[in-house]
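Visitor: I would like to go through the salt bridges here and hear the reasons behind the labels. Please show me the structure.

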Amino acid sequence: MKKLIIGIIITCWSVKGVLAQDLPPASPERMQARIVALSEFGKNADGGVDRVAYSKADIDGRAYIMDLMRGQGLTNLRIDVGGNIIGRRPGTEPDAKPIMIGSHTDSVPGGGNYDGDVGVIANLEVIDLLNAANIQTRSPIDVVVFSNEEGGLVGSLAMTGKLKPETLDVMSHSGLTIRDGIRAIGGDPDNITRDIIKPGVLKAFVELHIEQGAFLDEDDIDIGVVQGIVGINWWDITIDGVANHGGTTPMNRRQDAMVAAAHLTLAINKIANDLPGRQVATVGRIEAFPGAPNVIPGKVIMSLEVRDLEQSKMDQVFTLVEKEASKIADETGTKIGFEFIDVASHPAPTDERMRTLIADAAKEAGYSYKLMPSGAGHDAQDMVSVAPTGMIFVPSKGGVSHSPKEHTSRDEMAKGADVLLRTLLKIDAL
């Protein structure tokens with residue numbers, strides 16, 4: 001009996017040693033080969049892809065990924081009602097909550113070969129590593145390829161029960177409505193609430209993604225531990241001046257709405273720059289009326305978008321913008337009004353424990369890392385409402401994204417997969 005107990009202890013130590021130190025490294029060559037193969041679906045002349053959701057290229061790319069998932073022995077491989085691809089690597093404890101990992105393969109028009117794709121390929125790499133090392137997790141691992149991330153996080157919204165019915169009638173870049181697009185990729189929009197994952201069902205959700213910014217690349221850091229996905233607030237700003245003849249109205253008698261808009265645009269930029277933090281504010285659309293070359297603009301309508309990880313910081317930015325707008329209106333003889341349009345997304349902080357596990361995994365693998373917010377939207381921001389969520393960033397060369405020029409090296413991808421594997425095993429051990 002004593003010998004048996006000693007044997008069990010030695011076996012447990014051996015498994016712990018494998019998890020901590022001797023995990024098989026991710027294969028940069030295999031990951032790059034799969035990125036290249038996936039890039040053939042929707043390949044364009046600029047070296048990027050036009051693999052917009054619901055297009056033939058999207059359907060073909062998804063079929064390629066599903067073939068890889070079948071080859072890995074993932075079970076219950078299916079497409080849910082929202083068009084998300086889901087496959088499971090079973091765990092040793094049938095009643096254990098699943099750990100979900102996911103990203104997307106659809107692109108923007110004229111997109112690149114790494115946004116979303118790196119996360120999907122990293123997920124498959126992790127499954128290959130677990131299979132090769134014959135490592136059995138207690139929890140099942142669900143691998144997800146979300147549908148239509150680029151068109152509004154459609155797949156993850158459907159999965160979390162937040163997809164609005166009217167969204168189904170929105171026209172996508174493929175020329176199909178989202179309703180018809182979901183149907184085209186094998187989903188069931190008529191029963192869109194059937195596969196909702198309720199809070200508490202999953203043990204955790206983790207997404208790996210390229211940063212899409214330049215911070216990791218410029219600082220030569222391997223891994224970003226994402227603190228959360230920023231919230232986005234939108235306003236329309238209307239500036240009313242006086243339209244008048246551009247040739248006969250002296251400069252000192254003008255109430256030029258465009259001049260006021262120019263001052264306000266510069267003020268918005270200065271406010272966002274001067275405040276401490278990582279907040280951003282953007283004027284991305286501006287239109288002058290009546291829009292004739294020889295008429296002083298009597299009205300301007302411009303947009304304002306503010307992003308930050310904290311709602312209080314977004315509120316602070318807007319308060320300062322309103323205050324500055326009042327001064328500019330007085331100086332230019334115009335009236336400036338704000339109309340709140342929408343909360344495009346609420347701030348979505350990641351789970352603090354998940355951040356710690358990811359950071360520990362990076363340290364364990366010998367990789368540098370930093371805590372950072374995500375300025376772009378991701379499926380993870382929807383998943384925070386149903387599961388403890390973590391997110392891993394790998395560098396983007398020069399911060400370029402949504403472009404054929406976006407690039408993440410094979411070694412950078414492999415480091416991300418290494419950290420993802422170690423993170424999953426840490427979650428499984430909880």
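Visitor: Why does Arg34 count as buried?

Guide: Buried means under 20% relative accessible area, exposed over 50%, and partly exposed in between (1.4 Å probe, protein chains only). Arg34 has 14% relative accessibility, so Arg34 counts as buried. This is a predicted model, in which local features need pLDDT of at least 70, side-chain atom pairs count only at pLDDT 80 or more, and totals for chains, interfaces and linings use all residues. Residues are numbered from 1 along each chain as its sequence is written, and side-chain values use heavy atoms, with hydrogens and water left out.

Visitor: What makes Arg34 and Asp128 a salt bridge?

Guide: A salt bridge is a side-chain nitrogen of Lys or Arg within 4 Å of a carboxyl oxygen of Asp or Glu. The closest N and O atoms of Arg34 and Asp128 are 2.8 Å apart, and the pair forms a salt bridge. Arg34 is in helix α2 (residues 28-38) and Asp128 in helix α4 (residues 117-133), 94 residues apart. Helices (H or I, at least four residues) and strands (E, at least two) are DSSP runs, numbered from the N terminus.

Visitor: Is Asp128 buried or exposed?

Guide: Asp128 has a relative accessible area of 14%, so Asp128 is buried.

Visitor: Which residue forms a salt bridge with Lys370?

Guide: Asp219 does, with the closest N and O atoms 3.4 Å apart. Lys370 lies in strand β15 (residues 369-374) and Asp219 in helix α7 (residues 215-219), so the pair ties together parts 151 residues apart in sequence.

Visitor: Why is Asp219 called partly exposed?

Guide: Because the relative accessible area of Asp219 is 42%.
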